[in-house]
Amino acid sequence: MVTLAESEPVRRAAPEIHQTKMLIDGEWVDAAMGRTFATINPATGAIIAEVAEGDKSDVDRAVQAARRAFDSGPWSRATARERGRLLYKLADLIEEHIDELAGIETLDNGKPIRDSRNIDLPLTIETYRYYAGWADKIEGRTIPVSGSYFTYTRHEPVGVCGQLIAWNFPLLLQAWKWAPALAAGCTSVLKPAEQTPLSALRVGELALEAGFPPGVVNIVPGYGDVGAAIAEHPGIDLVAFTGSNETGKLVMRAAARTNLKRVSLELGGKSPNIVFDDANIDAAVEGSFFGLFWFDGQCCTAASRLFVQKGIHDTFIERMVARTRRERLGDPFDPETTQGPLVSQEQYEKVMGYIRSGRDTGATLLTGGRRWGDRGYFIEPTIFDEVQDEMKIAREEIFGPVMSILRFDGLDEVIERANRSPFGLAAGVWTHDVSKAHRVAAALKAGTVWVNCYDALDVAAPFGGYKQSGFGRELGKYALTDYTQVKTVTVAV
């Protein structure tokens, strides 16, 4: 068993929590039924704050506000450049409060402050600025048709969007949903994950400060009944969901009950990461470590099926275990900490169940597999070797710090095994052979393939899945396709 480096406990002042109510029609309001729920600090298990718990009636209020803003309010009359200016202003305000927001994210979510501050927040700001620049560049086309007609297309906003985000990247996912929708001219009813509502509410305050009119952005915290009410509400034109495969199916069913609204789903994954024997081993170890253990493996793209060609297998795992020894678990507010807690007790128990399954089904535990510390939801980074394709840890999304290493012999074999999963979100390929890299990238059934890198995300590059990892695309120009619809106009001349 590996002895992990421990960071000394660091006692830091928790960030101030500004808002725990829900945002509806430009006002901060209590839940209609007066209920609240506790949001928990995953590093300690202590309650941070009580947050307004919405229900169906609160969703209805928010949808009516978003509907008015879109159909007849000031948002319906705002120009594209005005929308862009507001998004730029929101980005500026987030940047002004970057340390505060990073602290809220770390407090509520548990990820190390070094990641919240240096990864999540810069990407969040960049997303708002990127789509601010797109707001006045959503254009139609003129089309030459037969006869005496002038035909052109208009790309118009879909309307009111229900947006449901996950708990692993709360600020970033809020930006991925809000920024393209608002740039396109839509309005939003957003449900943050019940585990991590606080940063979304703080950005809601900044959106009002930036000048977004009442009803344009609405935030209704709560549990699954809030998400269900959003998904099936007849006043919503599109529902965009980020989360688990199982919940995504429920969202699709709910969306079809009333008005057959559009659906965009960014779901889970069981991403293959393939290391060929001609790869740079040190680079592959470091990239594969990041691809799985970044944010405790609580990432939909996590490189949780690590295929290593047999010629370098022993050398690779030796270096991977050595790399794991340098991981530092501890207080997520300590800037030296590289791994914090899992997000919740529920997630902790789920991941420990997968670790037990790996042991019970014959995988070789190389390191980790235990709780770390005596409070909070910490699990040591865990590596299993000699994993077989049929094992549960090789088939199901774990969403925790558990790496499964699988040996392979040849190229065609590993492509077939990599594609055997019902998921298809991301994949990695490590090789010096450019032809091989392109061949494998083309053959893998995944929405994103990284070659000699992993989790290299950019706001300009589309992101989404194949198969049961969902449909629709986040980021880039492609995301605007989800939030706009095309109208053809033909004029006799």
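At 51% relative accessibility, Asp412 counts as exposed. Keep that in mind for the first exercise; the model here is a predicted one.

**Exercise 1.** Work out which parts of the chain the Arg439 and Asp412 pair ties together.

*Solution.* Start with the contact: the two side chains, Arg439 and Asp412, form a salt bridge at 2.7 Å, N to O. Next, place the residues. Arg439 sits in helix α15 (residues 434-443) and Asp412 in helix α14 (residues 411-418), so the bridge ties together parts 27 residues apart in sequence. Now check the accessibility. Arg439, at 47%, is partly exposed.

**Exercise 2.** Decide whether Arg202 and Glu100 are buried or exposed, and locate their salt bridge.

*Solution.* The cut-off for buried is under 20% relative accessible area. Arg202 comes out at 8%, so Arg202 is buried. Glu100 has 18%, so Glu100 is buried too. Their closest N and O atoms are 2.6 Å apart. Since Arg202 belongs to helix α7 (residues 198-210) and Glu100 to helix α4 (residues 98-109), the pair ties together parts 102 residues apart in sequence.

**Exercise 3.** Find the edge strands of the open three-stranded sheet.

*Solution.* Write down the order first: β6-β7-β24, paired antiparallel. Then look at the ends: β6 (142-143) and β24 (484-492) each have a single partner strand, so one side of each lacks a neighbour in the sheet.

How values were computed: Residues are numbered from 1 along each chain as its sequence is written. This is a predicted model: local features need pLDDT of at least 70, side-chain atom pairs count only at pLDDT 80 or more; totals for chains, interfaces and linings use all residues. Side-chain values use heavy atoms; hydrogens and water are left out. Two strands pair if DSSP finds at least two bridges between them. Helices (H or I, at least four residues) and strands (E, at least two) are DSSP runs, numbered from the N terminus. A salt bridge is a side-chain nitrogen of Lys or Arg within 4 Å of a carboxyl oxygen of Asp or Glu. Buried means under 20% relative accessible area, exposed over 50%, partly exposed in between (1.4 Å probe, protein chains only).
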